[in-house]
Amino acid sequence: MNKPVPPPRLRMALIGCGQIADAHLQEAAKVDSVEVVAVCDMHMDLAKQAAARFRVPGIYDNLDRMLAEAKPDVVHITTPAHTHGPLTMKALAAGCHVYVEKPFTLDAIEAETVIAAAESAEKKLCIGHDQLFDPTWLDCRSRIAAGQIGHVRHIESTLGYPISGQFGAVVAGDPRHWVRQLPGGLFQNTISHPLYRILDLLPDLHPRVEARWDRTKYDFPTELWVQLRGAEITGSLTFSSSVYAQRVTRVYGDQGMLEVDFDAQTIRRHTAPKLPGAFGRLEMPFRQWREGARNLQRNLWRFLKCEIHYFSGMRNLMAEFYRSIQQDTEQPITNAEMLRVTRIMDEIFADCRSREERVEEFVPETRELEVVR
Amino acid sequence: MNVFLTGGTGFLGRRVAKSLLERGAHVRCLVRPSSDVRSLQSFIGHDLWNGVELVTGDLTGVDACRRLIGHSDTVCHVAASLSGGTAVMFLNTVIPTRYLLAAASQAGVRRFVQISSLGVYEAANLLTGAQLDEQTPLDSHPELRDPYTYSKIVQEQVAWEYRAQTNLPLTIIRPGVIYGPGRGVLSNRVGLKLGPVLIKMGGSQTLPYTYVDNCAAAVSQACFAENVDGQAFNILDDGLPTGTQLLRKLRRAGQGVRALWVPRPMIGPLSSVYEWYSRWSQGQLPGVITRYRSDSMWKKLNYSNAKAKAQLGWRPHVTFDEAFDRSIAGGQA
């Protein structure tokens with residue numbers, strides 16, 4: 001009997017050879033259905049270094065020329081956020097499917113335009129919400145489905161993002177940095193991950209949004225607090241530049257809680273003690289110890305199988321996206337979901353700005369009081 | 001002489017600025033909006049500060065660089081990225097250098113002094129014990145090196161390209177590992193830090209080091225010296241220690257480091273094993289150690305600073321013992 005012939009690999013090209021491009025090129029090499037044919041950057045030096053390290057044959061500093069000559073099936077867009085919309089439109093117009101890094105677009109209006117263009121061209125889109133496909137998050141989802149915490153009631157996402165880090169320091173040192181020109185500033189470039197982790201379990205199209213940002217020692221907002229209220233589920237997001245780097249989401253159900261630590265690649269389950277009084281105080285540490293032992297065993301096994309990779313989620317998402325193109329099935333992340341996340345981000349930043357304006361309006365009164373004193 | 005200096009608030013740059021000022025140059029010093037200018041001012045001192053002109057900006061384009069250079073007749077390009085991935089290094093080192101070279105060429109400066117690195121040579125293919133000097137070719141496989149070295153090799157290639165295309169008078173300084181107060185004396189030439197433990201690689205290889213004041217003097221001399229157009233100079237101090245000697249000296253100074261020793265014959269095979277595992281596991285452990293990199297980094301070589309002494313007239317005035325004491329007193333092993 002003849003073996004089934006695998007479908008031909010899809011030709012991938014990448015535009016924007018900055019830091020995150022490395023992750024795309026590294027993970028693409030692990031996906032059987034991908035053949036990387038070209039890289040493009042407005043700086044030829046950047047395109048050349050990416051091509052040299054990842055052995056990519058096509059090197060371009062002009063997108064039009066790359067689209068015409070390399071003829072990719074899929075274009076990955078890993079450029080600064082404000083260019084995502086126009087570049088996606090260009091790639092769609094050239095007949096390509098597009099994988100675009102987060103955030104999807106500058107705002108929901110641009111997102112609607114891009115999605116309309118993709119639907120009209122019958123091309124597929126993918127947004128870099130890769131942590132939804134991280135093995136630890138997939139495990140969390142399956143444990144929720146198995147009823148380990150009952151019905152989900154609240155999701156809490158924390159992103160610790162010290163500004164002293166590599167990218168943060170560059171943004172802080174340059175008042176004209178593109179990140180600071182975004183409508184949501186630093187947050188627009190960073191909160192997609194903690195936000196979509198909440199929205200993955202909070203299905204409301206229009207949850208009520210309350211948000212506030214604040215400054216620390218920098219001249220731009222670096223702290224953010226968001227409350228989301230759906231019909232049955234609530235969410236809260238904390239972005240802080242003053243705590244250590246962390247990516248943690250806690251999912252609270254009516255019977256327990258799952259804590260997902262993306263950096264440690266662990267999941268810890270908490271439930272109320274079954275034993276009464278003081279016995280419960282012994283039961284709880286024992287259960288926590290058992291959870292820790294399970295996580296160690298799980299990660300040790302994954303390590304032995306060479307499965308611990310920072311961008312595992314990206315590889316899984318990429319594989320799903322390429323499969324959806326080859327088999328013409330539904331995208332791993334729907335256009336409606338991309339639009340929903342973008343709309344909610346718009347609402348978050350609008351609410352932050354309106355609160356900031358109200359605080360600024362309040363300032364003169366305080367000054368008057370000081371004068372009176 | 002009017003010198004446009006980049007990186008003037010940094011570890012080496014501030015000392016280059018001071019050295020230039022002491023020799024009577026006017027220094028137009030590039031600072032970023034976030035730069036610590038007060039610290040620079042206190043380092044330079046009140047008497048010399050009058051010779052400093054601060055210009056705020058970024059090397060973000062040829063026109064911007066042209067404005068920043070102003071009427072300077074010499075460009076001394078010290079600024080470079082020291083950390084980050086390859087793309088970040090290129091973005092912060094190679095691309096600004098391209099802009100600055102083009103602007104300097106347009107401005108018709110009398111000299112462009114570029115700070116490169118001793119790491120740019122193809123040391124991996126040299127025999128153990130071979131001499132490494134300015135005749136040694138640049139690495140023909142820079143993409144196999146670490147991100148910093150890769151960016152410095154390409155940065156230097158770009159500078160040579162500009163000289164060939166525009167006759168820009170170019171002098172390249174290739175310092176070894178620059179150490180001094182605040183930066184300490186340990187580097188990855190001795191070994192790799194793994195948490196609190198140092199994996200000491202070999203130990204009998206001479207460390208290609210230069211004390212920051214000695215290096216600054218060489219850079220300053222490159223701005224003034226005659227007949228050095230189109231020349232590159234290795235900057236290394238005299239009387240350099242081996243890795244073992246340095247660690248022993250640190251221990252005697254009460255700054256002992258917990259070290260795990262990898263004997264010289266084991267470095268190559270272990271690097272190959274690590275490289276294989278990294279590839280086989282599809283990057284579960286990052287490919288930071290490869291056979292090529294360890295051959296480039298930890299080979300026993302003879303380094304020469306003879307050309308800098310002969311043609312630049314430079315001497316490393318601070319001896320290693322004095323430099324070591326100053327570095328230890330300044331904090332950080």
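This report covers the domains, nonpolar cores and aromatic contacts of a predicted model.

Residues are numbered from 1 along each chain as its sequence is written, and chains are lettered from A in the order in which they are written. Local features need pLDDT of at least 70, side-chain atom pairs count only at pLDDT 80 or more, totals for chains, interfaces and linings use all residues, and side-chain values use heavy atoms, with hydrogens and water left out.

**Domains of chain A**

Chain A splits into domain 1 (10–130 + 327–342) and domain 2 (132–303). These bounds come from an automatic or database domain assignment. Taken over C-alpha atoms, the two domain centres are 27 Å apart. Across the boundary, 16 residues of domain 1 are in contact with 19 residues of domain 2. Contact means heavy atoms within 4.5 Å.

**Nonpolar cores**

A nonpolar core is a set of buried Ala, Val, Leu, Ile, Met, Phe, Trp, Tyr and Cys residues joined through side-chain atoms within 4.5 Å. Buried means under 20% relative accessible area, exposed over 50%, and partly exposed in between (1.4 Å probe, protein chains only). The largest core has 127 residues, and L224(A) and I348(A) have the most contacts inside it. Helix 5 (residues 86–107) of chain B gives the most to this core, with 9 residues. Helices here are DSSP runs of H or I with at least four residues, strands are runs of E with at least two, and both are numbered from the N terminus. Leaving aside neighbours within four places in sequence, I348(A) is in contact with I191(A), L195(A), V209(A), A211(A), L224(A) and V226(A). A second, separate core has 64 residues, among them A123(B), L240(B), L247(B) and W314(B).

**Buried elements of chain A**

Helix 10 (residues 192–199) of chain A has 8 of its 8 residues buried, so this helix is largely enclosed by the rest of the structure. The buried residues include H193(A), L195(A) and R197(A).

E27(A) is found in helix 1 (residues 19–28) of chain A. E27(A) is buried, with a relative accessible area of 1%. Its side chain makes a polar contact of 3.0 Å with that of Q26(A). A polar contact is a pair of N or O atoms within 3.5 Å; within protein, one must be able to donate a hydrogen and the other to accept it, and residues adjacent in sequence count only if both atoms are side-chain atoms. Not counting residues up to four places away in sequence, E27(A) touches F311(A), M314(A), R315(A) and M318(A).

**Aromatic pairs**

The structure holds 16 aromatic pairs over all chains. Rings of Phe, Tyr and Trp (its six-membered ring) pair if their centres lie within 6.5 Å; planes under 30 degrees apart count as stacked, over 60 as edge-to-face and the rest as tilted. Two pairs are tabulated.

| Pair | Centre distance | Plane angle | Type |
|---|---|---|---|
| Y99(A) and F321(A) | 6.2 Å | 75° | edge-to-face |
| W276(B) and W280(B) | 5.5 Å | 15° | stacked |

Y99(A) in strand 5 (residues 97–100) and F321(A) in helix 12 (residues 312–326) of chain A are 222 residues apart. Both are buried.

W276(B) and W280(B) are 4 residues apart in helix 9 (residues 264–280) of chain B, about one helical turn. W276(B) is partly exposed at 48% relative accessible area, and W280(B) is exposed at 51%.

Y179(B), Y209(B), Y211(B), F320(B) and F324(B) form one aromatic cluster.
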